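Please have the sequence and the 3D view open as you read.

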Amino acid sequence: MSQVETGDITLEPFSVSQVNPNSYNYRLGKCLKVFIGYVGGKSRFEEISLPEEGYVMEPGRMYLGQTFEKIGSGTYSMSLIGRSSMGRLGLFVQLSANLGHVTSSHQWTLEIVAAMPFRLYPGMIIGQVSFWQVEGDIAPYLGLYGRMSMPTESVLMEKGYDFNR
Amino acid sequence: MILTGSEIQKRHTNGQIRIEPFSSDRLTTNTYDLALGGKLLKYTEDVLDPKKENAFKVFEIPEEGYQMKAGEFLLAETVEKIGSNHLVPIIHAKSGTARMGLFVHVTADLFDIGYYGKSTLQLYATLPVRIYPGMLIAQVSFWVPKGEIDLYSGKYQGGEGPQASKSHQG
C-alpha cells in the first residue's frame with residue numbers, strides 16, 4: 001500500500017479492499033479474445049465483450065483476457081497469478097508466463113484456460129499480483145507487450161519477427 | 001530471497017515455519033517435499049460457476065492408485081499441514097510429477113502469510129496418469145517478505161482435506 005502512495009507501484013483503479021497479505025487482487029476486464037482457428041498460417045482471434053450474465057468457456061481452449069486494472073512498477077518485478085478460488089474451479093490464469101518486467105505498466109493480457117466448462121463474468125476478481133524486490137541495476141523494458149492494454153495475441157509468428165531476441 | 005534447505009530446517013526448529021509431520025529427509029536444496037493425502041474431490045456440475053456453490057463428491061484414493069484421465073481435474077490435499085507467520089510459502093510440482101503431465105496447482109501457487117493448514121492441490125492431468133496416496137507430489141519453498149506483515153485470516157484458514165472453491169462467498 002505504501003508503495004502505491006509513493007508511486008513505486010501502479011494499480012489503477014486502486015481499492016484497499018483488494019489488498020492481501022502478500023498480493024493485490026485484480027479484476028477481469030470486459031474484453032475477451034477467442035481463438036477461432038488458423039487462417040493463412042496465423043492464429044486468428046475473435047474479440048467479444050463479456051456479457052453481465054457471463055460467458056461459458058469451453059474446456060481446453062485458450063482465451064486471451066485483460067486485467068481491469070492498469071498494473072505496473074518502475075521499481076519492482078511482478079508475478080501475476082490466478083486466485084486460489086478460481087484455481088480450485090480448474091481455471092488457469094497466466095499458466096506459464098507469469099513474470100512482469102520491471103518498468104512495464106499496462107492492463108495485462110491474461111492467458112486463460114479452463115479444465116472444465118467455466119462461466120466468466122466481467123469485473124470478477126480473477127487473480128493476484130505480487131511485487132518482488134530486484135537486485136541489480138534496472139534497465140527499462142523496451143518490449144512490445146508491456147505497453148499494450150487490450151488483450152494482445154502473440155507476435156511470435158508475425159513476419160519479420162527476430163527469434164533471436 | 002528464497003530459503004535454502006538447511007535454513008528451512010532451522011526455521012522449522014525455531015518455530016517460524018510449521019510443517020507437520022516434519023522429516024529432515026524431505027528437505028531439498030531450496031524446498032521441502034510434500035506427500036499426497038488420501039482424499040480426492042471431484043466437481044459434478046456441467047458448468048462451474050464462480051457465483052454459486054458448485055456440487056462435488058469426495059472419495060478415497062485406493063491403495064492401488066487412482067487412474068486420472070487426460071483432461072481430468074480434481075482437488076486433492078497434502079498429508080502435511082504447512083504455514084508460516086514470517087515467510088511466504090510457494091507451492092510447486094515436483095519435476096518428476098510435472099514430467100508425467102500432471103499439474104498440481106493450476107494457477108495459485110502463493111500462500112498467504114499466516115495461513116496454516118493442509119494445502120489443497122489442484123490436480124490437472126494433461127496425459128493419463130496414476131496417482132497413489134502418500135506419493136511425493138509437490139514441494140514448497142519459503143520466501144522472505146518485505147514490508148509490515150498483516151496475517152491471513154481468510155475463508156480457507158485451517159484447511160483439512162481438499163477444500164472446494166468458496167468463490168461465491170466473495
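Two strands are said to pair if DSSP finds at least two bridges between them. Strands themselves are DSSP runs of E with at least two residues, helices are runs of H or I with at least four, and both are numbered from the N terminus. With that in hand, look at A:K33, which stands opposite A:L64 in β6(A).

A word on conventions: this is a predicted model, in which local features need pLDDT of at least 70, side-chain atom pairs count only at pLDDT 80 or more, and totals for chains, interfaces and linings use all residues. Residues are numbered from 1 along each chain as its sequence is written, while chains are lettered from A and ligands numbered from 1 in the order in which they are written.

**Chain A as a whole**

Chain A has two helices and 14 strands. Its radius of gyration is 16 Å, close to the 15 Å that the globule rule gives for 165 residues, so chain A is as compact as a globular protein of that length. (The radius is taken over C-alpha atoms, and the rule is 2.2 Å times the number of residues to the power 0.38.) Along its principal axes, the C-alpha trace of chain A spans about 45 × 40 × 25 Å. Of the 165 residues in chain A, 36% are buried; a residue counts as buried if 20 or more other C-beta atoms, placed from the backbone, lie within 10 Å of its own.

**The five-stranded sheet**

In chain A, five strands form an open antiparallel sheet in the order β4-β3-β6-β12-β9. At the edges stand β4 (42-49) and β9 (91-93) of chain A, each with a single partner strand, so one side of each has no neighbour in the sheet. From one strand to the next, the twist averages 30°, with axes fitted to C-alpha atoms and angles running from 0 to 180 degrees between N-to-C directions.

β3(A) covers residues 31-39 and pairs with β4(A) over eight bridges; here A:V34 has A:E46 as its bridge partner. β3(A) also pairs with β6(A), over two bridges. Strand β6(A), residues 62-66, is mostly covered, with four of its five residues buried. β6(A) pairs in turn with β12(A), residues 109-114, over five bridges, and A:Q66 stands opposite A:T109 there.

**A covered strand in chain B**

In chain B, strand β10 (residues 136-143) has six of its eight residues buried. β10(B) runs antiparallel to β2(B), with four bridges, and to β6(B), with six. B:V140 has B:Y32 opposite it and also B:I91.

**Where the chains meet**

How many residues does each chain bring to the contact? Chain A brings 32 and chain B brings 34, where contact means C-beta atoms, placed from the backbone, within 7 Å. On the chain A side, α2(A) gives the most, with four residues. By class, that side has 16 nonpolar, 13 polar and three charged residues. Ala, Val, Leu, Ile, Met, Phe, Trp, Tyr, Cys and Pro count as nonpolar, Asp, Glu, Lys and Arg as charged, and the others, Gly among them, as polar.

Technical notes. Contact = placed C-beta atoms within 7 Å. Buried ≥ 20, exposed ≤ 12 C-beta atoms within 10 Å, placed from the backbone.
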